[in-house]
Structures are given as structure tokens and as C-alpha cells.
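Here's a quick briefing to read alongside the model. Take a look at the sequence and the fold, then work through the points below.

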Amino acid sequence: MRSLEALTLDQVVDTARYPLSEPTSTPGRAVVSRARRELSALGCTVLPDFIRPSLREVLRQECSAIAPRAHHDVETVNVYNIAVDAALPPDHPGRRTFERGNAFVARDRVPADSLISRLYSDTVFRRFVADCFELPELHELADPLSGLVLNVVAPGMEHPWHFDTNEFTVSMLTQQAQAGGVFEYCPNIRTARDENFDDVRDVLDGRGERLTRRLPLQPGDLQLFKGRYSLHRVSPVRGETARHSAIFAYSERPGVVGSVERTRQLFGRVLPEHLAAEGRAVRGDRLLD
């Protein structure tokens, strides 16, 4: 195998199956069309075996090597990531609390020559992702910490039920848990106009089986997800092996930087870029979070 530094996108991605450089070809249009259909109907699509099999162990090893750089913190949270003591009605689902014990390796601690970093910054890959989400273009986050992260869920921990702040998420499992660590989600359980608290409450209280899907993921699979409207979680990890996944964060507009409060929660620190950008965020809806 050629050195990792010399590998091209076509040598990293299974382009026979996913012809990223030929988006107007018949196979290219078919891949994007399927992704769009599934995102529209279910809010989620998976592109299995996106990374070539010969590089999956490299992918795992690279991410395992940086996993110890993660900021670990156990927090009491709710599904909306708002204050757990917020003034809410007694039966409001925001009053249900969970212990979140996952951790994140920030972008500035992910080597620039790693597979996930090079994939994240590749313009052809970004164009492909935008096409799947039916967006005119996407930009890397200007945030020096949260643009590309490695999510680490250690044994005994979980990422409990929550909604995403972003309307879409791009991720890739790089290491499976020995047991547990299953991605579960409730497609389109809310909309930009309706929080649908009753169904959310049912899921949190264990009565939401009819609303819940479980997604089998393998290392190297690419997952595209609309997490703003779909309640989701990673179930508790069991055994001795942590679950690792890379999260590729993009935005429809350039210059996006995370808030000071949320950045400190995720990474335990903020940088001058976060302080300078504070107060400039623009909301696209009036949902609780």
C-alpha cells in the first residue's frame, strides 16, 4: 500500500460503489438519489463500506491513538441540552434527566494527515455530502475545536436521548463497542413548528418502541443524519472496548463558530475565536433548544 500521505480520495473511498468524482454519472446519481429518498423519509441514510476494507484497520488505529486526548466529563442533561432546572411544567419531557458520559477529541488534537481529517477537508467529499442533503454548498466550520471531532463512549457510558443543534450530521463509526453502543433514533419525531412533547415523553418513559429504529453500523460506514428533528441516542456501551465515531461538522454558511457555553461543555476549554463570535449566532427555528 502506498504511504497514507500519498493516498488520494479515490484510494480511500470505495469509488466503484460511491463515485464521488463523477456525480453526474448514472451510478453517481443513483447513490445521491437513494440518500435523498432515505433522508426525506427517515431522516437518516447509511452508506455502508464507504471506506475501503484495506484501510479500515488504519482508520481504527488512527482514531484509537487519539482517543486518549478526549475531554471527559459526566453531566446531568436533558434531551434539549437546556438547563435541567429550567422552569418547565411538571410533566414536560425536558424535566427527564440523564447522565451523559461521552467524550470528544477536539479538531486541534486530530492530526491533519489522519484519514478522517483529510476526508473532512476534501472538497469533492464535501460536495457529495451537500448533494445528498440537497444543499447548494457546505462549508467547514470556522470553529477550531468542533469542526471535526472524535466521539468516544467508554464502557459503562452512553450518549443519552437528545436532539442536535445542527439540522444535519455527518459521522463515521471507526471502532465498535464490544457490546451495546447501538445508534437508536426516532425519525422526524418533531418539526420546526411542533415539538410533539407527547411522543418525546413516551420515548423517554420507555413507551416509544413504535417510534424507535435501531441502526446497525460497521466501521467505515458513512452516516448522514437529520438530528435536529429526530430524537436519538447511543445506548450504553458494555464490555471492554470503547465506541469511537468521527463527526464531520459542516455549515450552510461560512464562518460558523460554536457558542462559549456549549464549547466549554464539550471540550473543557474555549479559544479566542469563541469569545469573539459570542452573540452572533442566528437561529433558524423557535424550538426549545
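What is the order of the strands in the open sheet of 7 strands? The order is 1-13-9-16-7-5-2, and the pairing is antiparallel. A quick heads-up: this is a predicted model, where local features need pLDDT of at least 70, side-chain atom pairs count only at pLDDT 80 or more, and totals for chains, interfaces and linings use all residues. Residues are numbered from 1 along each chain as its sequence is written, and side-chain values use heavy atoms, with hydrogens and water left out.

**The open sheet**
- Strands here are DSSP runs (E, at least two residues), as are helices (H or I, at least four), numbered from the N terminus.
- Two strands count as paired if DSSP finds at least two bridges between them.
- At the edges sit strand 1 (44-47) and strand 2 (71-72), and each pairs on one side only.
- Further in, strand 9 (residues 169-175) pairs with strand 16 (residues 243-248) in the antiparallel sense, over 5 bridges.
- Within that pair, Gln175 stands opposite His244 of strand 16.

**Helix 5 and the cores**
- Helix 5 (residues 123-132) lies across strands 1, 9 and 13, running at about 45° to strand 13 (222-225); axes are lines fitted to C-alpha atoms, for helices over the stretch in contact, and angles run from 0 to 180 degrees between N-to-C directions.
- A nonpolar core is a set of buried Ala, Val, Leu, Ile, Met, Phe, Trp, Tyr and Cys residues joined through side-chain atoms within 4.5 Å.
- The largest one has 50 residues, and those with the most contacts inside it include Phe50, Phe125 and Phe248.
- Helix 5 supplies the largest share of this core, 5 residues.
- A second, separate core has 12 residues, among them Phe98 and Leu231.
- Phe125 is in contact (heavy atoms within 4.5 Å) with Leu9, Leu20, Phe50, Leu119, Val170, Leu222 and Tyr250, leaving aside neighbours within four places in sequence.

**Strand 11 and its partners**
- Phe183 and Tyr185 point one way from strand 11 (residues 183-186), Glu184 and Cys186 point the other way, and all are buried (under 20% relative accessible area; exposed is over 50%, partly exposed in between, with a 1.4 Å probe and protein chains only).
- Strand 11 runs antiparallel to strand 12 (residues 213-215), joined by 3 bridges, and to strand 14 (residues 231-234), joined by 4 bridges.
- Tyr185 has Arg213 as its bridge partner in strand 12 and His232 in strand 14.

**A buried arginine**
- Arg201 is found in helix 6 (residues 197-204) and is buried, with a relative accessible area of 15%.
- Arg201 touches Asp91, Pro93, Arg96 and Arg207, not counting residues up to four places away in sequence.
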